[in-house]
Amino acid sequence: MIILWRQRRTVLQVPKGVGGLSRYLTARFILIAAAGAQLVLTDEFDALEKVACVVTVVALAIEPILRSANGVAVPYAANFPGLAARNRAAFPYGWIFPLNLLALLTLILSGLAATPLLAAAVVLSVISIVLALLAFLDSGKRIQARRGFQSTLSERLAEMGPVFYLYWHAPPRSAFQVTMWLPYLARLGVPFVLVVRTVPNFRQLEAATKHPVLLRRSLADLDALIIPSARGVFYVNNAMRNNHMVRYSQLKHIQLLHGESDKASSATPIIRIYDRDFVAGQAAIDRFEKFGVSMHPDIFRIVGRPQVETVGPERGPIAELETPAVLYAPTWRGYQADSNYSSLMAGSAIVRGMLDRRCRVVFRPHPYCSRDPELSAACRVIRRILEADAIATGREHLYGAVAEEEMNVVDCFNASDAMISDVSAVVGDFLHSGKPLAMVSPRTAATEFVEEFPMARAAYVLVAEGEEVLNLHPVLDELIGTDSRREERQQWATYYLGDIPRENYADRFVHVAREELEISEI
């Protein structure tokens with residue numbers, strides 16, 4: 001009963017992958033032994049009982065072996081020309097787990113009705129064993145297909161002729177770091193391949209793009225990427241495993257990151273390991289000096305933030321709009337205490353303040369907020385507040401799946417007339433719109449916050465203490481009313497996003513990237 005309760009989600013859902021295979025293995029073996037002992041003690045250990053015990057033991061013993069085999073049969077490549085990759089199992093091996101649990105249950109309860117329940121245990125275990133044999137055969141085919149691909153990888157890459165790689169390693173739900181760059185890398189007009197190091201990362205990109213994706217799990221696997229056509233590697237974060245790729249000095253290594261913000265992680269000494277750091281504007285260069293990180297000036301290239309090319313301008317002065325829409329885009333806590341800039345604990349107060357001013361609200365929290373129970377609970381409260389207000393007033397707020405899944409962040413920008421956010425890359429991108437914005441300081445007073453995070457000079461600053469916002473009403477009056485910093489904000493937009501004409505804004509990135517990789521000579 002404990003096992004069934006603890007594994008209720010696995011048992012009640014359609015299996016994915018290997019499901020619950022090998023879970024509570026020792027406990028289940030003990031239960032089979034206990035059921036067999038019970039049958040012996042009641043003098044009912046005849047042929048059927050022996051068969052039932054043996055096949056349930058065999059079915060259970062197969063589980064860890066099958067799980068290991070499936071671990072060897074990892075995916076390897078997707079979207080390669082002329083390749084029908086065997087990256088997934090022919091059927092979910094996880095069906096074996098509930099079958100074995102049910103067989104165990106019937107064996108334990110066989111004292112209630114020996115013959116039918118023991119027969120059921122035998123049938124269920126036999127079905128499980130047959131499925132396991134089919135799974136072994138399927139795993140073998142996948143392993144064989146992967147080895148065949150590995151043996152021809154150098155020839156495939158040489159034939160494809162990738163000029164650069166995009167190398168990526170990140171936690172789950174991070175594919176946005178890569179997908180935000182793909183349209184602009186594609187504009188370079190040359191073949192390229194996405195390289196990942198883990199199966200979860202492979203699955204994320206396989207589902208997110210039609211560009212070639214290659215899984216390289218070990219350091220030795222990376223050697224095959226060094227071919228004559230390859231000239232460089234792009235990175236979109238500072239993952240620890242990036243140094244595995246940077247060691248190939250014959251390639252040019254270019255850091256893109258995945259946003260422009262004043263977070264300490266944007267000005268880390270780790271950037272020194274790359275040949276080039278593509279930055280949005282002069283602010284990103286000055287940030288290193290502010291954090292006391294000395295950098296050689298030749299490493300930087302100002303390319304703007306090509307992702308903002310579709311960010312639309314304001315509809316007009318916000319005070320003249322009848323029902324302004326305000327985007328609330330809080331960030332997450334970060335991995336360390338000093339990177340916790342999230343305002344979500346005060347999010348309910350911020351949202352209620354906007355509703356009191358008859359605003360439409362667009363609520364889009366950082367995707368990682370769902371990983372933190374406290375932040376996730378705060379998001380649920382805000383969604384309920386917006387749902388109740390929509391019913392009461394008829395205002396069409398955007399939240400939940402609509403704002404977080406169906407719309408991307410630029411869609412949310414364009415659906416809004418102002419924004420409230422934290423220390424986050426979305427602030428830099430939103431500057432391109434020219435619309436009013438506010439930033440939340442979760443730990444310090446407004447003056448100290450602006451000194452620590454210069455981007456706040458382009459924003460109005462809300463000061464939060466726990467679940468309270470100390471200056472909520474005067475700042476909201478500025479944000480969606482007088483907007484006294486409108487002209488000053490335009491100057492900061494140039495400082496952070498580059499002095500680049502709005503027309504064909506993304507062309508700067510394409511031009512600089514082609515120049516660094518010497519693509520014009522191809």
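Guide: Two strands count as paired if DSSP finds at least two bridges between them, and strands (E, at least two residues) and helices (H or I, at least four) are DSSP runs numbered from the N terminus. The model is predicted, so local features need pLDDT of at least 70 and side-chain atom pairs 80 or more, while totals for chains, interfaces and linings use all residues. Residues are numbered from 1 along each chain as its sequence is written, and side-chain values use heavy atoms, without hydrogens and water.

Visitor: What makes S5 and strand S6 (residues 252-255) a pair?

Guide: Four bridges join S5 to S6, and the two run parallel; the requirement is at least two. One of the bridges sets Tyr235 against Gln255 in S6.

Visitor: How do you know that S2 pairs with strand S3 (residues 192-196)?

Guide: S2 and S3 share five bridges in the parallel sense, including the one between Phe164 and Phe192. S2 also pairs with strand S5 (residues 232-235) over four parallel bridges, where Phe164 stands opposite Gly232.

Visitor: Why are S1 (77-78) and S8 (300-302) said to stand at the edges?

Guide: The open, mixed sheet has eight strands in the order S1-S4-S3-S2-S5-S6-S7-S8. S1 and S8 each have a single partner strand, so one side of each lacks a neighbour in the sheet.
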